[in-house]
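Hi,

Here is the structure I promised to send over.

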Amino acid sequence: MADPIIQTSGLGKTYGSMRALHDVSVSIPPGTVGLFGAIGAGTSTSLKCLLNLEIPTTGTAQVLGHNIRSSDRESRERVGYGPEQDCHIPGMVGCEYVTYCGQLSGMPFRQARQRAHEMLDLVGMGQERYRSIDTYSTGMKQRAKLAQALVHDPSLLILDEPTNGLDASGREYILRLIGSLWQDFGISVIISSHLLQDVERICDRVLIIAGGRVVEHDSMANLKARRAQVVEIAPLAGRERYLEVLGAAGYQVESLSNGRLRIATDQASSQWLLELMRDHDLPPAHLVSSPDALQGLFLQALEPADKGAQS
Amino acid sequence: MKPQAIDYERWNGTRRGVAYRSWIITQAGLRQLLRYKFFRVLMFLGWVGAFAIAAFGFILSQTLAEGGLLAELAAKGGPRAEALMQAVSAILLIYPDLLITGAFKAIFWLHSNLGMLLGLAAMALRVPQLVTRDRSSQALTIYLSHPITARDYLIGQLGIIVGVLLLLWTGPLVGGWLFAMALAPDTLFITYSLTALGVALTFNGIALVVIGALAFGVSAVAKTAARARMAWIGLWIVMGAIAGHGRALPEWIRNLSFVSDLHLIRDEVFAMKDTLMDAAGVVPILSAQLADNLNNAADQIEVVDMTGVYVTLSIMVVTALVLARGRIKPE
């Protein structure tokens, strides 16, 4: 098994009397990892602790095999970070900013400049790169943040809400890019997002944080397998016939306001439904297996934390 | 469609060390500063000062040296002028430390007024852009998420202050001296002006530490650029005015003005009182009136107990650095 990209032991962070992170012990293997939790759950704090932007109150952590406290600089040597908030150096133009970030990671000027242009091309930024970064829209700032995080060719990319402020096509573009980093280039990505569908689409592993604790950490496949299967059908015609046949076969069918039919089942695949459609000569339909699976998992994972908070 | 994946290439170059990363911060800060017209004007004035030092050195050496331009002109001006020049040259041979070292000390002392003024004015421009701006714009998060520590960042920012003072003060001082020495007709001028240069550079170093630390402290504490600038101007001009005009005030209050403290330290480092009194002891050979004037000037230099000055200034510098170090973390 490959060495973990992140390994923490009893990691904790308190601000005065408020406990933001509590006894976090995880070992995250390489890949694309989704990190999510409710607002204030401790996701951003945990990322900041891993980057030493916040000093952990308790515990230890290793990033790419380097202890974050004893090897402060080395632990960030091959890490790229795209923070959630607008972080840029005022007065710089886009390409100057990305070049500067490359140099801050130790790249010589010429190579940093060349790579800055490559990264700005990569994130889909055109002539705007010659404009002052102070004048950028939110979407352009997101692209610049991603470019500066990639410029020094990191082995681990940590992104906090990377699709905030992007329009639909921009979001699609950036998600494809992030998704390909691990698959095609072996760059691990930890992505913190409140947009569960983004995480579900590109991540092969999920870590859920609630109340400063890790409440779920597993591969996406395992998590989905643990969750009761749900299939949604959008019949092109003969909706009534679908209701009739499914009811007769003993399935609980929920009729949704968007015209879809929602069926809970204990079967892992949708093969049974295809057979049913063939046997009863039902009209074609659009099938969606496990829609909102992550949403369900998320809410399910939060339940114990919520109960704990209430008690 | 995966256009991104096609264009991405891994980079396996050699990464440069920590000193390079701090230097990059310094370089970027100075480059940003050079974009300001006001700073370029300050630089121009600083190098006018260098020209003044060079011109002074040139005139002094040509006046005093035996083979100088003035001696050649005096030779053409008749026996009386020639005799006067020979007397001046003789005094130079007997008292080179007094004439050369003393004269250069005086010009460097005057130049320190200009250098310090320009340095303080440049800091009024730069102070809001040190820690204040990086904190308010969240740029500190970007800096510290890269493989640099808060100390590396601090060194880089201190480099900007050193760079500013080098461009406006130390550079013109050394440049002007070098130019003057290049035109001097005798190596005696180099030998004896080096002492004065050493004294000037010592004070320059002290001022650099004090101005740098306080600029950092102000920049770290202030939340906005406007407040940082106001605080700097307050410390510099308002406190300076209080110290300068409030003779009735207790000494410790006057010591709170770092500009006043630096002026007192300068007088001590340059030892101008001793230089003037030594000169007054020798000059009667040429002019009793001049000796009286030198004695009067020496009397006007205030003698104060420097312990309070050093203690207050040290406390201010250490406090400023501790404050700055504590604030270098993301908001």
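Starting with the surface of chain B: the accessible area comes to about 15400 Å², and 68% of that belongs to carbon and sulfur atoms. Keep in mind that this is a predicted model.

On the fold, chain B has 16 helices and zero strands. Its C-alpha atoms fill a box of roughly 95 × 55 × 30 Å along the principal axes. Of the 331 residues in chain B, 49% are buried. If you take the contacts in chain B between residues at least 6 apart in sequence, 80% of them join residues at least 24 apart.

How far to trust chain B? The average pLDDT is 85, with 93% of the residues scoring at least 70. Among its elements, helix H2 (residues 18–34) of chain B has the highest mean pLDDT, 94, while helix H1 (residues 3–7) of chain B has the lowest, 52. Over residues 1–5 of chain B the pLDDT stays under 50, and the model has twelve contacts beyond four places in sequence for that stretch.

Then there's the interface. 39 residues of chain B are in contact with 47 residues of chain A. Between the two chains about 4200 Å² is buried, and carbon and sulfur atoms give 53% of it. On the chain A side, A:Arg73, A:Leu104 and A:Phe185 lose the most area to chain B, together 17% of what that side buries.

Cheers

Definitions and conventions:
Residues are numbered from 1 along each chain as its sequence is written. Chains are lettered from A and ligands numbered from 1 in the order in which they are written. This is a predicted model: local features need pLDDT of at least 70, side-chain atom pairs count only at pLDDT 80 or more; totals for chains, interfaces and linings use all residues. Side-chain values use heavy atoms; hydrogens and water are left out. pLDDT is the predictor's confidence in each residue, from 0 to 100. Helices (H or I, at least four residues) and strands (E, at least two) are DSSP runs, numbered from the N terminus. Contact means heavy atoms within 4.5 Å. Buried means under 20% relative accessible area, exposed over 50%, partly exposed in between (1.4 Å probe, protein chains only). Accessible areas come from the Shrake-Rupley method with a 1.4 Å probe; for residues, only the protein chains shown count as cover. Buried area is the accessible area (1.4 Å probe) that two parts lose on being put together, summed over both.
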